[in-house]
Amino acid sequence: MSQFLCYYHPFRLHVNIFDTANEQFRVPDSVVSRPPPPSSSHVESADLVFNFTPSPFEFWITRRSEAGGVPLFDTRKSSLPRTPIAPVNATDNSTALDGFGLVFEDQYGSHPIYMEHRFNESTNSSQSHGVFLMSSAGMDVLLLTPPESDVSLVQYRMIGGVMDLYFFSGPNPTSVVQQYGELIGLPTWQPYWGFGFHLCRWGYSNVSETREQVLRMREANIPLEVMWNDIDLYHALRDFTTDPVSFPAEDMRSFIRELASNNQHYIPIVDAAVAKQRNSSDIYNPYIQGAEQKVFITNPDGSEYIGQVWPGYTVFPDWFASNTQSWWTEALQNWSSSGVEFSGIWLDMNEASSFCDGSCGSGIDIGNVPVPTTSLPGQPGNLVTEYPEGYNVSISGPSGNITVNGTLTYGAVNLNVPPYAIHNGFGRLSIHTLATNATHTPGYAELDTHNMWGLMEERTTHLALQNIMTGKRPFLISRSTFPSSGKWSGHWLGDNYSKWQYMYFNIQGILQFQLFQIPMVGADTCGFQDNTDEELCNRWMQLSAFAPFYRNHNTLSALSQEPYRWDSVANASRTAIAIRYALLPYWYTLFINASTQGTPPVRALFWEFPDEPELFGVDRQFMVGRDILVTPVLTPNVSSVDGIFPGRGRVSWRDWYTHDTVNASIGTNTTLSAPLGHINVHVRDGSVLLLHGMPAYTTKETRAGPFALLASLPESKEAFGTAYVDDGESFPPGPNTTLVFHANLGQLTAKSEGTFEISQKLEQVTVLGVKKPSLVALEGKNIASWEFFESQEKLVVSNLTIDLNKPMNLTWM
């Protein structure tokens, strides 16, 4: 064993422990590029300090700024508690020491990073640090604080690779996230339209039914930005095809151009597996050309690895092969040219998923055997029968309504079947995915590269779209992820369930992926598996309006859940989407900051208020940036919700809808009114928000309307905000302008810097937290178009035509 140590700079420490023979697999730089070694030493100045004893080899990490403090990471045997430690799960002896309780199970990706936040009770202050293991090996990462122990334990159980560890010094949560992004790469730039509302389902059986959803959404006046199709689109369930009967290529071209003419967009699915040609009369060019160019994963003997997915026997792209990029780009280009003129791509099943064990198609005359089938949702033996907790279909029927014949459908959970399942795998590593001996160029085994498959598909697809849609930002949403996936793609949280518990998990998943530097993330709104109901969908459509990625999607044969299906859901959706679209300049600027600095757009409360321990465990609320606090309802049959307001009374929070100041309890929950259709949103003082003044049906129409400004002055009477403005679609960096707003006693100013010409005018300014003025002036000239609302200490100045390309000075006295 050898040890390599390098202080990269004052905020990052790299410790690489590897085998002397260099035979163990390491993540190639060609897959995840890392910064070069430092040009100068920071051994004496870095806050993180590497300490070790050579025999037996043990090491521990401390802070230089905390001499004598508790180590941040300690492998010394003397630091461990006494053993044995009983299993955390009494039915699973693997959770004993050596085993600890599982941190979390990520079915679709691998992100071996954690952030630890430590609070010092004697100083009432906190510090954060992060630990990242750069490895694509299969592993369990286990965490436990044993009974009667004052230390927490982490254990890495790896089946290959090296211990390539990175430590981030923070010292606050946001800086840990930024430092991680500096290492693995910052998130891709998102197009403006990507923040609109997306609609999809598995089960739109033809182009007419797909078009009908677009029409019904417009009839209901529920904004729809992007329409999607699942595998229903395909001919024989094959990638890069359209069904000639249900989705004729020219009909698809016409439909997608209709969308474009209405400033809307289209995204189709691309599954990971490529159908294998059945015989010589089966002309399927993506396979034929791929086989000729040797772009598919092989068995150890060099023959094609043949798995089974939706189209039957399938092969899988080898992203390490030299021809794969050009072959993949051509396949996507041909598909677009044939009529599927996509604006973005949805990458699914890319763990990669396979329905059989091993290379089950090897040695079989595929042309003379039936195509393997999988029971689809809705078919006999696989009916969709489940509903959210508390909904009893045997009593209330299959409608999913809140009431049936005037009676609430919500009831008690069946205590005989508690809604909890322990973690479990599928057994051997080859089940439901590629076998671990599947072989990649230049001889890499799937055992070592499995966790990177989705990342490499994302990179390849991103580069392909750059080539196909020249000058435009690629928009990708992918299921499988790995460190640096955010450079290429966004992520949806996978095949969730139409359960209240999963709506709650929605928040946790979004926060996790902010840490992972994949900020464009969201769940399948209203749930994917099982049937939703009216109340759950109502609440979830409002919650997801404050998630970065906002899509409603559900499974084949389940109850339809488009937001127009129930009047209450339609009303709730219109309200929430109007807020989302008003906030788009704010959202967009947050994502620019993510792409340039690694700053997370969505934040846990303690990330903004790190010295308030009562916030450390809060995961039922979240913040959008530093200025917006969201408190959703996550339980059925209630009309109020409890939420905590950070700041311990030093920060004032105002209701988004009324601008009233919240009379919040200090350090504890406050009960808020939350009737069905209402989501609590609050604005932090000290903020200046640029808003779209007239949210419209699409983001393009919204962008064409006027701006508004909302400033909330704290007691210190200082507020600040910025907004980044560009065309929202050109591959960056292009012409852009940054607006900087300052507000203080009696004055609000705006300055612009950049070359992008902002055509929309600022038409309204609202300032909260001021006393009633006697006069209001713009650029020194008195104006009369203002109102004052005493109860909110609110000054509203309207009928303006302010050019944001020029400095602005609004005063009141």
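Okay, Thr-53 to start: its bridge partner in E4 is Glu-58. Keep in mind throughout that this is a predicted model. Further along that pairing, Leu-48 stands opposite Arg-63, again a residue of E4.

So which strands are we looking at? Those are E3, residues 48-54, and E4, residues 57-63, and they run antiparallel, with 7 bridges between them. To get from E3 to E4 the chain makes a hairpin, and 2 residues do the joining.

Quick reminder: a disulfide is a covalent bond between the sulfur atoms of two cysteines. How many disulfides does the structure hold? There are 2. If you number the bonded cysteines in sequence order, the pairing goes 1-2, 3-4.

Take Cys-356 and Cys-360. They're joined by a disulfide, S to S 2.0 Å. The torsion about that S-S bond is about -75 degrees, so this disulfide is left-handed. Are the two ends buried or exposed? Cys-356 has a relative accessible area of 10%, so we call it buried. Cys-360 comes out at 22% relative accessibility, and that counts as partly exposed. The cut-off that matters here is that buried means under 20%.

Now the other one, Cys-526 to Cys-537, where S to S is 2.1 Å. Here the torsion about the S-S bond is 75 degrees, and the link is right-handed. Where do these two cysteines sit? Cys-526 is in the loop between strand E25 (524-525) and helix H10 (534-544), while Cys-537 is in helix H10 itself, so the pair ties together parts that are 11 residues apart in sequence. As for accessibility, Cys-526 is at 0% and counts as buried. Cys-537 is buried as well, with a relative accessible area of 0%.

And what about Cys-200? Its sulfur is 13 Å from the closest cysteine sulfur, the one in Cys-526, and that's too far for a bond. Cys-200 is also buried, with a relative accessible area of 1%.

Last stop, a pair of helices. When two helices pack, you describe them by the angle between their axes and the distance between the axes. The pair I want is H3, residues 249-261, and H5, residues 324-338: their axes come within 8 Å and cross at roughly 80 degrees. That puts H3 roughly perpendicular to H5, because anything from 65 to 115 degrees goes in that class.

Which residues meet there? On the H3 side you've got Ala-249, Glu-250 and Arg-253, and they meet Ser-336, Ser-337 and Ser-338 in H5. Sorted by type, the residues of this contact come to 1 nonpolar, 3 polar and 2 charged.

Okay, quick recap before I sit down. We had the hairpin joining E3 to E4, the 2 disulfides, and H3 crossing H5 at roughly 80 degrees. Thanks, that's me done.

Terms used: Residues numbered from 1 in each chain as written. Predicted model: local features only at pLDDT ≥ 70, side-chain atom pairs only at ≥ 80, totals over all residues. Heavy atoms only, no water. Axes fitted to C-alpha atoms, helices over the stretch in contact; angles between N-to-C directions. Helix = DSSP H or I, 4+ residues; strand = E, 2+ residues; numbered from the N terminus. Parallel < 35°, antiparallel > 145°, perpendicular 65-115°, else oblique. Contact = heavy atoms within 4.5 Å. Nonpolar A, V, L, I, M, F, W, Y, C, P; charged D, E, K, R; others polar. Disulfide = S-S within 2.5 Å. Buried < 20%, exposed > 50% of the residue type's maximum accessible area, 1.4 Å probe, protein only. Pairing = 2+ DSSP bridges.
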